[in-house]
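Q: I would like to learn how to read a fold from its model. Can we take it one feature at a time?

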Amino acid sequence: MLEQLARKHYERGRQFELQDREKEAVVEFERACELKPSFADPFLALGRIRAMGGQLTEAIALLDAAMDRSPDPQIRQWRGYVYGRMRRYREALMDYQAIDDGFEKKNG
């Protein structure tokens, strides 16, 4: 039940995000995180929003939380991007390399 409700809040947040209604999107994503803390997608969404808003330290914390919940390479890609913007190139390179290594294992 909580998982379905969390998913609904996440989907509402995505719709708000697509409509450039960032404040409403954030509220919905945060609610999804509260309802189902193991659900990675809203953490990733909040990390993206924070990254695009220049709140890089907060973005990293949210992306780390998402990575704790899912091995989705998109999370690493965003985290690598944020590390790059922070000029933390070693960490960015490690994330990008992990994505590449995972791709090679899957397709190699």
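Q: How many helices and strands does the chain have?
A: This is a predicted model. The chain has six helices and zero strands. Along the sequence the pattern reads α-α-α-α-α-α.

Q: How does the radius of gyration of the chain relate to the globule rule?
A: The chain has a radius of gyration of 14 Å, close to the 13 Å from the globule rule for 108 residues, so the chain is as compact as a globular protein of that length. For the extents, take the principal axes: the C-alpha trace spans about 40 × 30 × 20 Å along them.

Q: What share of the 108 residues is buried?
A: Buried residues account for 38% of the 108 residues in the chain.

Q: Among contacts between residues at least 6 apart in sequence, what share joins residues at least 24 apart?
A: That share is 39% in this chain.

Q: What describes two packed helices?
A: Two values do: the angle between the axes and the distance between the axes. Take helix 3, residues 40-52, and helix 5, residues 73-85. Their axes are 11 Å apart, and the packing angle is about 20°. An angle under 35 degrees counts as roughly parallel, and helix 3 and helix 5 are therefore roughly parallel to each other. Their crossing is left-handed.

Q: Which residues meet where helix 3 packs on helix 5?
A: Helix 3 contributes Leu44, Arg48, Ala51 and Met52. From helix 5 come Gln74, Ile75, Trp78, Tyr81, Val82 and Arg85. By class, this contact holds seven nonpolar residues, one polar residue and two charged residues.

Q: At what angle do helix 2 and helix 3 cross, and how close do their axes come?
A: Helix 2 covers residues 22-35. Its axis and that of helix 3 cross at roughly 145° and come within 9 Å. The crossing of helix 2 and helix 3 is left-handed.

Q: Which residues of helix 2 and helix 3 meet?
A: On the helix 2 side they are Glu22, Ala25, Val26, Phe29, Glu30, Ala32 and Cys33. On the helix 3 side they are Pro42, Phe43, Ala45, Leu46, Ile49 and Arg50. The classes in this contact are ten nonpolar, no polar and three charged.

Q: Now single residues. Is Arg48 buried or exposed?
A: Compare the relative accessibility with the cut-off: under 20% is buried. Arg48 is at 13%, so Arg48 counts as buried. Arg48 is in helix 3. Setting aside neighbours within four places in sequence, Arg48 is in contact with Arg14, Glu17 and Trp78.

Q: What is the relative accessible area of Gly47?
A: Gly47 has 0%, and is buried. Gly47 too lies in helix 3. Beyond neighbours within four places in sequence, Gly47 is in contact with Ala59, Leu62 and Leu63.

Q: How far apart are the C-alpha atoms of Gly47 and Lys8?
A: They are separated by 19 Å. Along the chain, Gly47 and Lys8 are 39 residues apart.

Q: Where does His9 lie, and which residues does His9 touch?
A: His9 lies in helix 1, residues 2-18. Not counting residues up to four places away in sequence, His9 touches Glu28, Arg31, Ala32 and Leu35. The relative accessible area of His9 is 18%, so His9 is buried.

Notes
Residues are numbered from 1 along each chain as its sequence is written. This is a predicted model: local features need pLDDT of at least 70, side-chain atom pairs count only at pLDDT 80 or more; totals for chains, interfaces and linings use all residues. Side-chain values use heavy atoms; hydrogens and water are left out. Axes are lines fitted to C-alpha atoms, for helices over the stretch in contact, and angles run from 0 to 180 degrees between N-to-C directions. Helices (H or I, at least four residues) and strands (E, at least two) are DSSP runs, numbered from the N terminus. Angles under 35 degrees count as roughly parallel, over 145 as roughly antiparallel, 65 to 115 as roughly perpendicular and the rest as oblique. A crossing is left-handed if the near helix is turned anticlockwise from the far one by less than a right angle, and right-handed if clockwise. Contact means heavy atoms within 4.5 Å. Ala, Val, Leu, Ile, Met, Phe, Trp, Tyr, Cys and Pro count as nonpolar, Asp, Glu, Lys and Arg as charged, and the others, Gly among them, as polar. The radius of gyration is taken over C-alpha atoms; the globule rule is 2.2 Å times the number of residues to the power 0.38. Buried means under 20% relative accessible area, exposed over 50%, partly exposed in between (1.4 Å probe, protein chains only).
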